[in-house]
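Colleague: I would like to go through a model and learn how to read its features. Please take them one at a time.

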Amino acid sequence: MDAGVRWIVQNIKDELASAGSVVLRVGFLLVLLRDFLTNRPQVVRIGDNTSSTLVLSTGTPQGCVLSPALFTLFTSDCSAIHSTNTIIVKFADDTTIVGPHIGQ
């Protein structure tokens, strides 16, 4: 399991544990999440040609409603540290840093 997946799993585990959830439910959720994020087969099709299968264990599946939520959880601790006038705006998997315009 890559570091990003481990981090997400640990954060969800911590959040659920602090909310007083039952350990068995947490374990089931973590197994489900791990299976969702790892060992996903990928192929490329162009016309009648299909590539060989590549197994992915990083990132999140495109087009899934859970992917933006996981990305938001993964980047939730990102904050502006260089300027009090700088803010980070996040929506789904897009992040924008907004700050003041300094001189010409």
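**Reading the features**

Modeller: Arginine 34 has a relative accessible area of 34%, so it is partly exposed. Bear in mind that this is a predicted model.

Colleague: How many salt bridges does a search of the whole structure find?

Modeller: Side chains of opposite charge can pair when their charged atoms come close. Here the search of the whole structure gives one salt bridge. Arginine 34 pairs with aspartate 35, and their closest N and O atoms are 3.4 Å apart. Aspartate 35 is likewise partly exposed, because its relative accessible area is 47%.

Colleague: Is threonine 38 buried or exposed?

Modeller: Threonine 38 counts as buried because its relative accessibility is 11%, and the cut-off for buried is under 20%. The residue sits in the loop between helix 2 and strand 1 (40-42). Its side chain reaches the backbone oxygen of arginine 34 at 2.7 Å. Beyond its neighbours within four places in sequence, threonine 38 contacts Leu56 and Ser57.

Colleague: Which residues make up the largest nonpolar core?

Modeller: In soluble globular proteins, nonpolar side chains tend to be buried together. In this model the largest nonpolar core has eight residues: Val5, Ile8, Val9, Ile12, Leu30, Leu33, Leu37 and Leu70. Two elements, helix 1 (3-18) and helix 2 (23-37), each give two or more residues to this core. Helix 1 supplies the largest share, four residues.

Colleague: What does leucine 70 touch, not counting residues up to four places away in sequence?

Modeller: Leucine 70 touches Ile8, Ile12, Leu33, Phe36, Leu37 and Thr60, with residues up to four places away in sequence not counted.

Methods: Residues numbered from 1 in each chain as written. Predicted model: local features only at pLDDT ≥ 70, side-chain atom pairs only at ≥ 80, totals over all residues. Heavy atoms only, no water. Core = buried A, V, L, I, M, F, W, Y, C linked by side-chain atoms within 4.5 Å. Buried < 20%, exposed > 50% of the residue type's maximum accessible area, 1.4 Å probe, protein only. Contact = heavy atoms within 4.5 Å. Polar contact = N/O pair within 3.5 Å; in protein donor to acceptor, adjacent residues only side chain to side chain. Salt bridge = Lys/Arg side-chain N within 4 Å of Asp/Glu carboxyl O.
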